[in-house]
Amino acid sequence: MSFISIQDVFFSYDEVEEGKPVRNAVDGVSLDIERGEFVAVIGHNGCGKSTLAKQLNAMLLPDSGKVIVDGDDTSVEEKTFDIREKVGLVLQNPDNQLVASIVEEDVAFGPENLGVAPDEIRRRVDEALKAVDMYEYRTHAPFKLSGGQKQRIAIAGILAIRPQCIVLDEPTAMLDPSGREEVISTLLRLNREQQMTVVLITHFMDEAVLADRVVVMDSGRIVTQGTPETVFSQVELLKRHRLDVPQSAELAYKLRGCGLKIDKIPLTQEDCVAMLEEAMR
Amino acid sequence: MNCVLELKNLGFVYGKGTPFEKRAVDNVSLTIKRGEFIGVIGHTGSGKSTLMQMLNGLMRPGEGQVLLDGRDIWEQPKKIREVRFKVGMVFQYPEYQLFEETVYRDIAFGAKNKGLEGDALDKAVRDAADFTGLKPALLDKSPFDLSGGEKRRAAIAGVIAMNPEVLVLDEPTAGLDPMGREVLLSQITRYHKECHNTVLLVSHSMEDIARVADRIIVMNKGKLAMFEPTKEVFRRGDELSRYGLKVPQITNIMQALRRRGFDVPEGVLTVDEAFDALLPLLQKEGKLW
Ligand SMILES: Nc1ncnc2c1ncn2[C@@H]1O[C@H](COP(=O)(O)OP(=O)(O)OP(=O)(O)O)[C@@H](O)[C@H]1O
Ligand SMILES: Nc1ncnc2c1ncn2[C@@H]1O[C@H](COP(=O)(O)OP(=O)(O)OP(=O)(O)O)[C@@H](O)[C@H]1O
Ligand SMILES: [Mg+2]
Ligand SMILES: [Mg+2]
């Protein structure tokens with residue numbers, strides 16, 4: 001069985017009231033995530049990405065359907081603790097996640113709760129802070145940090161738990177270009193070197209192209225999924241769902257519209273340059 | 001008066017005299033002309049938000065002055081509220097700006113304080129909601145029940161409804177879906193063109209800034225590192241990467257082609273520009289219809 005198995009999940013925030021239409025934020029999603037996979041989830045604002053993410057570590061429970069994490073049903077209360085140790089969720093707004101008054105205490109919070117030994121906590125906290133390049137801020141107060149700095153502390157807090165799977169809800173939304181690159185390459189490294197399963201929710205298409213698999217959501221449902229190559233070659237479909245493609249693909253797509261023969265839409269800068277060089281030689 | 005904002009040796013230090021003393025803004029001097037569209041970029045923690053919050057008197061500069069229409073905004077501290085109507089600020093985290101029971105009342109809040117009422121207020125609220133792409137059905141919801149992107153739109157609408165002379169947007173497109181970004185950016189550009197108001201847009205998206213800004217403020221470690229026209233800033237890619245920044249992907253692609261000896265223009269900033277430049281070259285090679 002898959003590491004995480006989402007089976008026909010429905011979820012609604014609305015109370016079931018008479019006369020009030022119930023709208024499902026997650027409206028029948030089935031998705032299997034394999035151990036060691038890097039999955040990107042994209043979709044327009046309000047399509048249910050965060051709501052789905054919160055089902056993965058039992059922060060929210062399905063109204064119907066099931067989420068199974070490493071064999072355990074998230075709706076079984078005794079398993080919540082185990083599940084949160086395995087699946088770490090970095091929330092969309094870091095302010096909702098920062099709890100302590102000093103950065104390193106904040107990062108230590110997760111492992112402390114799990115009963116990790118103090119010297120091991122120390123090691124993990126330092127490592128996590130270095131991974132997000134915030135080590136020099138370890139004695140600062142989180143609420144006094146800039147937006148992007150808070151975002152990185154929130155990520156460090158989850159890394160320190162050393163989960164088998166890390167789910168990140170728009171972790172790079174507030175980061176500068178090199179910060180984004182650092183976070184993404186940290187995730188790729190954790191994924192490749194430690195086989196950490198990564199679920200990345202993002203509005204940046206140039207980040208999604210780096211995943212093994214891209215899942216596209218709309219109105220609480222999955223509308224398509226596949227390798228970045230298959231998903232990002234469906235430019236019209238993506239635009240219909242309020243999404244986009246990286247600039248390299250956009251350019252290629254426009255040129256193809258004028259008759260340029262392109263076998264494979266380039267998803268990265270390098271591929272695009274190679275494609276154009278080929279075409280103009 | 002041609003110049004709307006003038007910053008003179010502006011500086012700000014957080015926690016002065018404490019062990020955590022942090023100089024966030026360091027001796028920034030610059031002038032912004034009326035009606036300009038200014039992009040603001042810089043690494044996280046470079047002082048962008050601190051600088052922006054000094055522009056409308058939310059933070060009082062420790063050093064230097066902010067002149068709005070030629071007058072120091074702190075000349076009469078009691079009147080600082082008026083400055084906040086003239087310089088409308090959309091915060092980096094919209095949650096901080098939403099506190100009313102309904103989205104409608106939230107959007108109305110600033111405009112109401114400015115003195116709008118009745119039909120004029122209602123129109124300002126609905127226009128602003130429409131402008132940011134908020135569906136009318138959401139106006140009666142609690143702002144806390146909105147998705148991340150919807151909250152952001154509500155916060156922006158609240159400031160737009162005040163029709164400020166200078167509109168400061170601190171990362172307004174962060175967290176928006178691609179079409180939302182696109183729509184909001186073109187709405188802001190339209191707003192700028194139609195109202196001739198001055199706009200300052202802070203963003204980490206080099207692609208967005210490249211498309212809309214006339215001039216760019218580049219912050220680095222609290223200091224003003226560059227303040228130049230957009231093309232000039234993105235010509236200096238190596239310098240930008242030292243500041244933790246980048247040039248747009250499309251600019252890089254075109255530069256790489258130039259380096260490989262192809263006759264494409266320098267300083268291409270958008271996909272459309274690149275497309276226009278490449279068409280004739282591909283046509284010459286007989287690669288198009
Ligand atoms: N706490 C809540 N109470 C009621 N409705 C909610 C709540 N949180 C979200 N919603 C609604 O559920 C839907 C899905 O929201 P969700 O936050 O999952 O979207 P999202 O895909 O993460 O969007 P974004 O890209 O803007 O973060 C939206 O229509 C939203 O308005
Ligand atoms: N309330 C505060 N108290 C102490 N230091 C602060 C406070 N707010 C910000 N700082 C520090 O001041 C510096 C500048 O912060 P600012 O928020 O202006 O940066 P920014 O350029 O807006 O960053 P970002 O792109 O992450 O939003 C940072 O080093 C930050 O840690
Ligand atoms: Mg979300
Ligand atoms: Mg900021």
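A polar contact here is a pair of N or O atoms within 3.5 Å; within protein, one must be able to donate a hydrogen and the other to accept it, and residues adjacent in sequence count only if both atoms are side-chain atoms. With that in hand, ligand 1 has an oxygen atom 2.4 Å from an N or O atom in the side chain of A:T51.

Some ground rules. This is a predicted model, where local features need pLDDT of at least 70, side-chain atom pairs need pLDDT 80 or more, and totals for chains, interfaces and linings use all residues. Side-chain values use heavy atoms, without hydrogens or water.

Back to the site. For A:N45, the side-chain N or O atom is 2.8 Å from a ligand 1 oxygen. For B:K141, that distance is 3.4 Å. The protein covers 88% of the 640 Å² of accessible area that ligand 1 has on its own (Shrake-Rupley method, 1.4 Å probe).

Who surrounds the ligand? There are 21 residues, and A:R23, A:G46, A:K49, A:S50 and A:T51 are the closest (a residue is near if one of its heavy atoms lies within 4 Å). Chains A and B both contribute, so the site is shared between chains.

Now the backbone. B:D69 has phi near 50°, a positive value in a residue other than glycine. Most residues other than glycine have a negative phi. B:D69 is partly exposed, at 27% relative accessibility (buried is under 20%, exposed over 50%, partly exposed in between; 1.4 Å probe, protein chains only). B:N27 also has a positive phi, near 55°. B:N27 is partly exposed too, at 47%.

Key. Residues are numbered from 1 along each chain as its sequence is written. Chains are lettered from A and ligands numbered from 1 in the order in which they are written.
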